[in-house]
Structures are given as structure tokens and as C-alpha cells.
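Please give me a short briefing on the structure below.

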Amino acid sequence: MDGSESLGMPVGGSVAGATPDRTDKYAQAGMPVPLADVKAAPRHSLLVRITHWISTLCFIALLVTGGEIVVSHPRFYWGETGNVGTPVLFKIPVPSSRHLVPTGYNYTLPDQNGWSRALHFQAAWFVVLTGLLYVLSGVFSGYFRREFLPAKADRSVGALFATVKSHLRFARPGPEEAHSYNLLQRLSYVFVIFVAFPLVIWTGLALSPMWDSAFPATVNLLGGRQSARTIHFFVSVFLLLFMLVHVLMVWFAGFWSRTKAMIVGR
């Protein structure tokens, strides 16, 4: 990943918003897009920028409220049921905001669970609808095919190792790389968009009693509601790490230029 990445939901890429016929010929040949063609179009389309920032705000809200929800019961289980009287799979060593939850501390944190749950669900639905718009647009416009399908020259183990080596050396991307994704970016974005985000949404829905009663099979496939909560936690941690790496790479690549491009398009 480098500084041309997006936050939370992967967006942007090689001349995002440019007409496909100007860039497809280079992508199919495994060649970088010439800077002359790059400068003729915005880095990021208007839709990409809007969905990026909505997703960013929602993701921050989900992290804050999700953390408060975890603090209310920092114990995790596996299966359908789990409470203070059942064996714990693992626990987070922090005080709880509920005095009935044993944590080993002799005090409890202020209970903010009410508003946190309400805001968490609202932010979740916003990011789901935003993500749905982004995915539908990407599918029907050919955006995913242009941006995330690796070029023939990159479809090898050697190409992947070369990209990983470059990132481990924190090599600063060249001008042309600000407008195209390398192999590691493409693979990580595909995983986040089509695996991590659907899984975090699925496990989040599985925690709802209403969803469980209407679609019990989707909860049973996860191993039960407590299993869904545990999976939801680990996927959320993965997305948080993805966001932190993204911000770090943006900083190395040129924070202000990349941020400006995601605001005004250039």
C-alpha cells in the first residue's frame, strides 16, 4: 500500500474518474499510465471522494462507539450464549462500565452504552448504504476491473515479492504511482472490499435479536451469536490496522498532496 490509498473503504486508483478508453490500453499491457494522460483527468472522481469521506466519518464513529460497547462487557465467548457465569474464550484487561461484569478491577467506568449503541447502529447503516453505492458504481462502470484486476505482468509470485520488498523498504512512490495501484494494493483492496467489509457487516447483523429471529441460519453459520461477536471484534481490529497502515503510507507518500487530491480531485 502507498499514499494513493483510501481510508476505510478503498477508493481512488489509476486516474479515477478518467474515461476508461484512455487508461485501459495501458492497464491491459501492464504499463503505467503516462503522466500526460494522468493530468488530463482528476485523480479521484466525485463519487469516490464523497463515499471516501462518508466512510471515513462513519468508520471513526464505529470505532469510538464500538470501543464503548466492548468496555461494557470486555469478555468474549464462543457459541450461542455467553455471560459472566459461562467459560470465557478470552477477555480484554480493562475495567468494565458494568459493575456486574467481573474484570479484576475494583471500580467501573462511566456507562455510556446507551448512546453508543444507537450511534453505532446509525453509523453502520450509513456505511452499508455508502458501500453499496460504491460497489454498484464500481461494478457497472468497470471501475473494479480497471483498478483492481492485476495486469498480466503482475500475476506472478515474483511480482508480489518485489512489491512487498519495496514496501518493507518504505520506498517513496514515484509520480506515476500516485495514479495507479501496485499488486499488493490491488490484492489488499479486493480482500477488504469483498471479504472484510461483508464479514464485519454479516457478523454485526448477527448480533441483532431481530435479525437472528428472522434469519437464524445466517447466525448458525457463524457458530452462534457469541461467535459472531468474537469474529466481529477480530475483523474490526483488522480494519483498524488497515486504516493505520493506510494513514502511515499516506504520510510517507505526501500527506497534504494526497489529502488535497481526495478533497478536490487533483
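Ser-55 lies in helix α3; helices here are DSSP runs of H or I with at least four residues, strands are E runs of at least two, and both are numbered from the N terminus. Ser-55 counts as buried because its relative accessible area is 2%. Buried means under 20% relative accessible area, exposed means over 50%, and partly exposed lies in between, with a 1.4 Å probe and protein chains only. Phe-126 is 71 residues from Ser-55 along the chain, yet their C-alpha atoms are separated by 8.0 Å.

This is a predicted model, in which local features need pLDDT of at least 70, side-chain atom pairs count only at pLDDT 80 or more, and totals for chains, interfaces and linings use all residues. Residues are numbered from 1 along each chain as its sequence is written, and side-chain values use heavy atoms, with hydrogens and water left out.

**The chain as a whole**

- The protein chain holds 10 helices and 2 strands.
- From the N terminus on, the order of elements is α-α-α-β-β-α-α-α-α-α-α-α.
- The chain has 266 residues, and 45% of them count as buried.
- Its accessible surface comes to about 14200 Å², and carbon and sulfur atoms account for 71% of that. These areas come from the Shrake-Rupley method with a 1.4 Å probe, and for residues only the protein chains shown count as cover.
- Take the contacts between residues at least 6 apart in sequence: 72% of them join residues at least 24 apart. Contact means heavy atoms within 4.5 Å.

**Nonpolar cores**

- A nonpolar core is a set of buried Ala, Val, Leu, Ile, Met, Phe, Trp, Tyr and Cys residues joined through side-chain atoms within 4.5 Å.
- The largest core has 23 residues, and those touching the most other members are Tyr-134, Tyr-143, Phe-144, Phe-148, Val-235 and Leu-239.
- Two or more residues of this core come from each of α3 (46-72), α5 (143-148), α7 (183-206) and α10 (225-264).
- Another core, of 5 residues, lies apart from it and includes Cys-58, Ala-61, Ala-123 and Val-127.

**The largest pocket**

- Rolling a probe the size of a water molecule over the atoms shows where empty space is left.
- A pocket is found on a 1 Å grid over the protein atoms alone: it is an open set of points where a 1.4 Å probe fits, with protein on both sides within 12 Å along at least five of seven lines, and its lining residues have an atom within 4 Å of a point.
- The largest pocket has a volume of about 1300 Å³. That volume is the space filled by probe spheres set on the points, which are joined across faces, edges and corners.
- Its lining has 43 residues, with Ile-69, His-120, Gly-204, Leu-207 and His-232 nearest the centre.
- Helices α3, α4 (113-141), α7, α8 (209-214) and α10 each give two or more residues to the lining.
- By class, the lining has 25 nonpolar, 14 polar and 4 charged residues. Ala, Val, Leu, Ile, Met, Phe, Trp, Tyr, Cys and Pro count as nonpolar, Asp, Glu, Lys and Arg as charged, and the others, Gly among them, as polar.

**Buried residues in helices**

- Arg-49 is found in helix α3. Its relative accessibility is 14%, so Arg-49 counts as buried.
- Leaving out residues up to four places away in sequence, Arg-49 touches His-44, Ala-261, Met-262, Ile-263, Val-264 and Gly-265.
- Ser-116 is found in helix α4. Ser-116 is buried, at 0% relative accessible area.
- Beyond residues up to four places away in sequence, Ser-116 touches Thr-65, Glu-68 and Ile-69.

**Residues in loops**

- Pro-87 sits in the loop between β1 (75-76) and β2 (90-91). With a relative accessible area of 73%, Pro-87 is exposed.
- Pro-87 and Tyr-77 are 10 residues apart in sequence, and their C-alpha atoms are 7.3 Å apart.
- Ser-96 is in the loop between β2 and α4. Ser-96 is buried, at 1% relative accessible area.
- Not counting residues up to four places away in sequence, Ser-96 has contacts that include Val-71, His-73, Tyr-107 and Leu-109.
- Ile-92 is in the loop between β2 and α4. Ile-92 is partly exposed, at 23% relative accessible area.
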